[in-house]
Amino acid sequence: MQPLHGAVRSYAWGSRTSLARLQGRSVPSEHPEAEIWLGAHPADPARLGDGPSAQSLLAHIDADPVRELGFDTAKAYDGRLPFLLKLLAADEPLSLQAHPSAEQAREGFAREESAHVPIESPVRNYRDANHKPELIVALTEFHALAGFRCPLRTVEFMDALGVDALSGYRSLLADQPDEAGLRTVFTSWITLPGPALDALLPLVADGLVDYLSTRAKSDGGQFVAEARTLLELGESYPGDAGVLAAMLLNRVTLTAGQGLFLDAGNLHAYLSGTGVEIMANSDNVLRGGLTPKHVDVPELLRVLDFEPAEVTVLDPDTDSADTPVRYLTPAPEFALSRASLAEGHSIKLDSAGPQIVLCTEGKVALDDGDTELVLERGSSVWVSASDPVFAVHARWGDAEVFSATVG
Ligand SMILES: [Zn+2]
C-alpha cells in the first residue's frame, strides 16, 4: 500500500477549478486541468511517493509484475496493468469520438505499423493494439452525448426545429428509421463539402434559436437540453460537421454516483462535469469532429455502431451504506466500485489483485493491520496483489472512496 500521485493533464477543455478544488489546491489553477491519470500508462504513469525519489508505477510494476499484479493478471496482460483510472473535469465539450473493438484495434495497429506511420504522428489512429471500453461515473452532474437516438425521435426533434433544409434528411430517417438510415444520414453530414456545410449550419442554428424562443413553450420543452447543446457546440466549433452529427445522438445527464459505460463503436462526446473514469489501458480514439485534432472519417465509419438504442445509465443501489456498490460492465480489464461511509464506519477491501483506491469525499484511514495511511480527498493509493486485506475507516466525518480493480 503506497501513496500514488497522478499526472495532471492539461487540455483546453479542462477546468481551472474542479480538480484543484477536489484536491484541496488553490484555485484557479494555472492551466485548465482536464484529467489526472492514475495508472501505469507509458504516456504518463502515476508516481509512487513524492519528491525526487518517486518511482513511476510503470517502472515499479515492470520490476516485479507477479508481485505487483499477481500471477494471473501478469500472465493475462503481459506484465501490464490492464486499466487506467482517471479523474476527469470538463468545462467544455470533448471531441466526438468512438473506440475500436479489440479485433479492429489489432487490425488497425498492424495496418499502421506496416505502413510505417510513426507512433507519435498526429495522424496515427491506432497507438496500440488494444480496445478501449470506458466507464465514467459522475462526481457532479455530468452531461454527455452517447449512442444513436431512436431515429423516429430524431425525426420529431427535426420537426420541432422546422428547418426546411433538413427535410430531405428527415424523410430519409422517417422512411428508414434504423441502422441503415442513420448510417446514410450520418455519413452524408460528416462528409458534406465545406460550402454546403457553411450553408446548412446557420439554418440549423436559426431553427434552434427559434425553437428555444418560441416553440419549446408549446411542446413542453422536450428538446430544450438537446437544442441548447447543439447551439453551444456550434458556437465552440463553427463550421464543424460534428454539430450536425450530434443531432442524432442521445443526450444524457448523469447525477452524482451514476455511471455510463461506453463499449466499442459507441459514438460519444462528454459535454461537461467532473467524474471518475476507468478504461482499458489504451489510447485508441477515432474522432468525428468537435476537435482541432486529427479526424479520420473513413476509419470512424468502419468502427461505428449505428444500432439505435436508449442509453443505459448505471445506477447502483445507493441505499446500501457501507457496502461498496459495483458498476457492472462486460469489460474484463477493469471493475469499479464506490463506497459511501458514514462517520465512524469502516469497510474491508479485499486486495486479491492490484487495486487503486481513490478518495473523492472526506478523508479516510487505510489500515492493513500493520501500517496505517491517511487518504485525503482527491488522493489515491496503489495496493499491490501481494499486499494484505485492508480496512477503510471514515474517522473524520462522512467519506466516499472508489476502488479500481481488474474485472
Ligand atoms: Zn471516449
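Start by selecting L366, which stands opposite V392 in β22. A word on what you have loaded: this is a predicted model, where local features need pLDDT of at least 70, side-chain atom pairs count only at pLDDT 80 or more, and totals for chains, interfaces and linings use all residues. Residues are numbered from 1 along each chain as its sequence is written, and side-chain values use heavy atoms, with hydrogens and water left out.

Now widen the selection to residues 364–367 and 390–393: these are β19 and β22, antiparallel partners over three bridges. Strands here are DSSP runs of E, at least two residues long, and helices are runs of H or I, at least four, numbered from the N terminus; two strands pair if DSSP finds at least two bridges between them.

Next, show the open sheet of four strands, ordered β17-β22-β19-β20 with antiparallel pairing. At its edges lie β17 (346–349) and β20 (372–375), each pairing on one side only.

Move on to helices α6 (151–161) and α9 (194–213), whose axes, lines fitted to C-alpha atoms over the stretch in contact, come within 8 Å and cross at roughly 85 degrees. The two helices are therefore roughly perpendicular (65 to 115 degrees). Display F157, A160 and L161 in α6, which meet G207, L208 and Y211 in α9; contact means heavy atoms within 4.5 Å.

Finish at S95, in the loop between β6 (83–90) and β7 (96–98). Among the residues S95 touches are H268, R287 and T291.

Conventions
Axes are lines fitted to C-alpha atoms, for helices over the stretch in contact, and angles run from 0 to 180 degrees between N-to-C directions. Angles under 35 degrees count as roughly parallel, over 145 as roughly antiparallel, 65 to 115 as roughly perpendicular and the rest as oblique. Lists of a residue's contacts leave out its neighbours within four places in sequence.
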